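User: I would like a close look at one part of this structure, the salt bridges and the helices around them. Please take it step by step.

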Amino acid sequence: MREVMAGRIYLPPSVTAMDDAPGADLTEAAPALDAAPPALLLTLRQRDVLDLLLGGLPTKQIGRDLGLAEGTVKIHLAALFRLLGARNRVEAVAAAISLGLQRKPP
């Protein structure tokens with residue numbers, strides 16, 4: 001749980017033990033997450049939240065529009081901030097725009 005809460009990917013010991021298996025070089029088989037564009041790492045719901053954030057909506061209104069609890073929206077926002085390297089809503093919007101993650105047309 002600590003790994004996930006810190007924004008990292010949790011792998012069970014049975015998977016990490018595969019690293020010791022002959023020919024099991026997983027780092028070459030899959031692209032590094034750091035190299036992937038943030039848009040590829042967003043869930044559909046995070047994308048929905050980002051679109052409304054780009055529209056200037058407050059957290060409570062985002063929740064109403066998407067049928068989510070305000071706390072759930074805050075969790076999605078925190079994940080977006082982490083993915084975009086932002087500390088607040090303004091930085092997240094600026095980062096999203098600079099990465100070409102403009103709002104989807106209605």
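Is Arg87 buried or exposed?

Analyst: The model is a predicted one. In it, Arg87 has a relative accessible area of 69%. The cut-off for exposed is over 50%, so Arg87 counts as exposed. The side chain of Arg87 meets that of Glu91 in a salt bridge, with N and O 2.8 Å apart. Glu91 has a relative accessibility of 26% and is partly exposed.

The count of salt bridges in the model is 3. Another of them joins Arg47 to Asp51, with 3.1 Å between the closest N and O atoms. Buried means under 20% relative accessible area. Arg47, at 17%, is therefore buried, and Asp51, at 6%, is buried as well. These two residues belong to helix α5, where they sit 4 residues apart, or about one helical turn.

Helix α5 covers residues 44-54, and Asp48 and Arg45 lie in it too. They are 3 residues apart, about one turn of the helix. A salt bridge links Asp48 and Arg45, and their closest N and O atoms are 3.6 Å apart. Asp48 is partly exposed at 22% relative accessibility. Arg45 is also partly exposed, with a value of 32%.

Next comes the nonpolar part. The largest nonpolar core has 18 residues, and those touching the most other members are Val49, Leu50, Ile62, Leu77 and Leu84. Two or more residues of this core come from each of α5, α6 (59-66), α7 (70-84) and α8 (89-98).

Two packed helices are described by the angle between their axes and the distance between the axes. For α7 and α8, the axes come within 10 Å and cross at roughly 55°. An angle between 35 and 65 degrees is classed as oblique, so α7 and α8 are oblique to each other. Their crossing is left-handed.

Terms used: Residues are numbered from 1 along each chain as its sequence is written. This is a predicted model: local features need pLDDT of at least 70, side-chain atom pairs count only at pLDDT 80 or more; totals for chains, interfaces and linings use all residues. Side-chain values use heavy atoms; hydrogens and water are left out. A salt bridge is a side-chain nitrogen of Lys or Arg within 4 Å of a carboxyl oxygen of Asp or Glu. Buried means under 20% relative accessible area, exposed over 50%, partly exposed in between (1.4 Å probe, protein chains only). A nonpolar core is a set of buried Ala, Val, Leu, Ile, Met, Phe, Trp, Tyr and Cys residues joined through side-chain atoms within 4.5 Å. Axes are lines fitted to C-alpha atoms, for helices over the stretch in contact, and angles run from 0 to 180 degrees between N-to-C directions. Angles under 35 degrees count as roughly parallel, over 145 as roughly antiparallel, 65 to 115 as roughly perpendicular and the rest as oblique. A crossing is left-handed if the near helix is turned anticlockwise from the far one by less than a right angle, and right-handed if clockwise.
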